[in-house]
Amino acid sequence: MQLTAAQLEAFDRDGFLFFPGLFSPQEVKTLNSAVPELYSRREAYNVREKGSDAVRTNFAAHMYSAPFARLARHPRMIKPVEQLFNEKLYMHQFKINGKMAFEGDVWQWHQDYGTWLNDDLMPEPRAMNVAIFLDEVNEFNGPLMFIPASHKKGVLEAGHDLTTTSYPLWTIDHALISQLVERAGGRNGGIVSPQGPAGSMILFHSCLVHASTSNLSPWNRVSVYLSLCAVSNHIQRHKRPEYIAHRDFTPIDCLPDDCLTKDYPVDLPWGKGMPGSALQTSLDRIAA
Ligand code: SIN
Ligand code: MN
């Protein structure tokens, strides 16, 4: 899949592109039906909501689950991002966010690149966020919200929030959010939230400011979030465990377009368990 000139222009202007229903119901089913078993595992890579057993984020499923390993090599997602960066990509982060019915907690306003710079020493914002909906996303189940064009502001000042939710995040203060929303049009488009059927995909810039509210509806909002980084822009430090910030900078080779409905063979390096080394962290800069 290649982006048109109009899509490239819209991405540059707004900081995101939305593709409603890009993956078919059958493709989504293959992925969604693997989630309950992954979430049931008592492993470090399942981060649960504060004070609840519901999974907030499952990390690194592409390392141990065949359907997600195939998704991680899907050309409908990889090719447009390669086109935007004009370079091969590696997987920096892979999450299946639960945002479960009644239980899913907020994600405060933040930029992902803020975390990748501060924690992982990623040199430039040459990494793309991709969201793929495994459930319908509607106004009630905690849709992702964007401040259009906020990526143009570069890296914004942020504070490390270790308490609001179960997952530490570099978040942006409310005064700055108010200014950014005003600048983007205030009540007329200053905040947007792409909503659509399961199988929809969003590409969004790593400096785009985003957030989501809690899910008080009776509908799960399971979405996959992948962060694809240009290979030459790989992280310089392993301050976070490997299941959160990956350390294998090998370029991704795509599978054929029908890889979610046919059993193409895929490598599952953590198929028999995550190695102890994936939990080791260091504040040192990695050797060149
Ligand atoms: C994220 O910002 O990484 C996740 C937000 C969400 O799942 O709503
Ligand atoms: Mn984020």
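**Exercise 1. Is Met-77 buried or exposed, and what is its relative accessible area?**

Solution. Begin with conventions: the model is predicted, so that local features need pLDDT of at least 70 and side-chain atom pairs count only at pLDDT 80 or more, while totals for chains, interfaces and linings use all residues. Residues are numbered from 1 along each chain as its sequence is written, chains are lettered from A and ligands numbered from 1 in the order in which they are written, and side-chain values use heavy atoms, with hydrogens and water left out.

Step 1. Met-77 is buried, because its relative accessible area is 0%, where buried means under 20%, exposed over 50% and partly exposed in between, with a 1.4 Å probe and protein chains only.

Step 2. Met-77 sits in helix α5, residues 75-85; helices (H or I, at least four residues) and strands (E, at least two) are DSSP runs numbered from the N terminus.

Step 3. Beyond its neighbours within four places in sequence, Met-77 is in contact with Leu-71, Ala-72, Val-130, Ile-132, Met-201, Leu-226 and Leu-228, contact being heavy atoms within 4.5 Å. Leu-228 is 151 residues away from Met-77 along the chain, yet their C-alpha atoms are separated by 9.6 Å.

**Exercise 2. Identify the residues that touch the most other members of the largest nonpolar core.**

Solution. Step 1. A nonpolar core is a set of buried Ala, Val, Leu, Ile, Met, Phe, Trp, Tyr and Cys residues joined through side-chain atoms within 4.5 Å.

Step 1. Among the 54 residues of the largest core, those touching the most other members are Phe-68, Phe-94, Val-130 and Ile-132. A second, separate core has 11 residues, including Ile-172, Ile-177, Val-209 and Ala-211.

Step 2. For Ile-132, the contacts outside four places in sequence are Phe-23, Leu-71, Met-77, Ser-200, Met-201, Ser-223, Val-224 and Leu-226.

**Exercise 3. Describe the largest cavity by its volume, lining and residue classes.**

Solution. Step 1. On a 1 Å grid over the protein atoms alone, a cavity is a set of points where a 1.4 Å probe fits but cannot get out, and lining residues have an atom within 4 Å of a point. Grid points are joined across faces, edges and corners, and a volume is the space filled by probe spheres set on the points.

Step 1. The whole structure holds four cavities of 30 Å³ or more, and the largest has a volume of about 90 Å³.

Step 2. The lining of this largest cavity includes Gln-93, Trp-107, Asp-112 and Arg-240; at least two lining residues come from each of β4 (89-97), β5 (107-110) and α6 (112-118), and α6 gives the largest share, three residues.

Step 3. By class, this lining has five nonpolar, three polar and three charged residues, where Ala, Val, Leu, Ile, Met, Phe, Trp, Tyr, Cys and Pro count as nonpolar, Asp, Glu, Lys and Arg as charged, and the others, Gly among them, as polar.

Technical notes:
On a 1 Å grid over the protein atoms alone, a cavity is a set of points where a 1.4 Å probe fits but cannot get out, and a pocket is an open set with protein on both sides within 12 Å along at least five of seven lines; lining residues have an atom within 4 Å of a point.
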